[in-house]
Amino acid sequence: MSRRADLALPDLTGRRALVTGASDGIGLRIATRLAAAGAEVVMPVRNAAKGAAAADRIRTEVPGARLVAEDLDLSSLASVAALADRLLDRGAPLHLLVNNAGVMTPPERQSTADGFELQFGTNHLGHAALTARLLPLLRAGGARVVSQTSVAARSGAVNWDDLEWERSYDGMRAYRQSKIAVGLFGLELDRRSRALGWGVTSTISHPGVAPTSLLAARPEVGRARDTMGVRVIRRLSAVGLTGTPDSASLPALLAATVPDDRSGEFFGPQGPGNAGGRPGEQSPWGPLRDAEDAARLWEVTQGLVGVAFPG
């Protein structure tokens, strides 16, 4: 099922794309496909050595790929601001922003450099701050923003009474909140841009289920060994019952390249349970449809990250 899924991309020659989390997994596949379609790809990564290895891998697959390496730690608002300042100083328009990077279920509550719960701070706040700071370049490029949510956002809610999970930490519930926030923010961005004439379109996507590093051993988040979850997913992926990193990259690529009149839409795998298969449009899950929550999150987010969108 998932191994046969593919997507033909349009010619992206002359376009400039920024993909977070492009050093491995789904993000690496997204960056590779965009480069193969002719785009210049900006690859901001936290680990420079890992980023260089990813760039070498892309150039092996796509000779002549145009890649720009940058430093970025999404768990630090100062790092986000520094990257945005460098790109703004250069002044080159951005035509595509794929907010893909993420962290999932640290065993114990961890905080970002700014004191936010790690998943909320990295998955949502870091990307929101990056999008806000890059808005002049996105407007100059008439850009498309793609925000990568998760099947975890199918259920759950924003924990308004304890956004930072300081009183009672639950790793999966906190992860769900972060990915619900990503989806709400991505859809609200499209509504605000349409209302205020920013000229930026926004879509959201999810990769389904695929074996990536999110649930694998990650000492930096306090996980010394692979989880049972990722071991099961690897077995299911091997027999075609879930996606692969290749197939899981396709919904974001579709969301990035659909016509502008289909902005504000949600894309994911079309196989059973939306776990794998060909990419296509689907209805947003319940937690992503609450426009009041989206507007509230928009205002709260701006206050937390200290960056305001115009209007």
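Strands here are DSSP runs (E, at least two residues), helices are H or I runs of at least four, and both are numbered from the N terminus. Residue numbers start from 1 along each chain as its sequence is written. The model is predicted, so local features need pLDDT of at least 70 and side-chain atom pairs pLDDT 80 or more, while totals for chains, interfaces and linings use all residues.

Next, show E1 (residues 16-19) with E4 (residues 96-99), which pair in the parallel sense over 3 bridges; pairing requires at least two bridges found by DSSP.

Then select helix H1 (residues 25-36), which packs on the sheet and touches E1, E2 (40-45), E3, E4 and E5 (144-148). Contact means heavy atoms within 4.5 Å. The direction of H1 makes about 175 degrees with that of E1; axes are lines fitted to C-alpha atoms, for helices over the stretch in contact, and angles run from 0 to 180 degrees between N-to-C directions.

Colour the whole sheet now. Its 8 strands follow the order E3-E2-E1-E4-E5-E6-E7-E8, in an open sheet with mixed pairing. At the edges, E3 (67-71) and E8 (279-282) each pair on one side only.

Helix H2 (residues 48-61) lies across E2 and E3, at about 155 degrees to E2.

Finish with H4 (residues 118-133) and H6 (residues 171-196), whose axes come within 7 Å and cross at roughly 20 degrees. H4 and H6 are therefore roughly parallel to each other (angles under 35 degrees count as such). Residues to select at this contact include Phe120 and His124 of H4 and Tyr175 and Phe185 of H6.

Terms used: Heavy atoms only, no water. Parallel < 35°, antiparallel > 145°, perpendicular 65-115°, else oblique.
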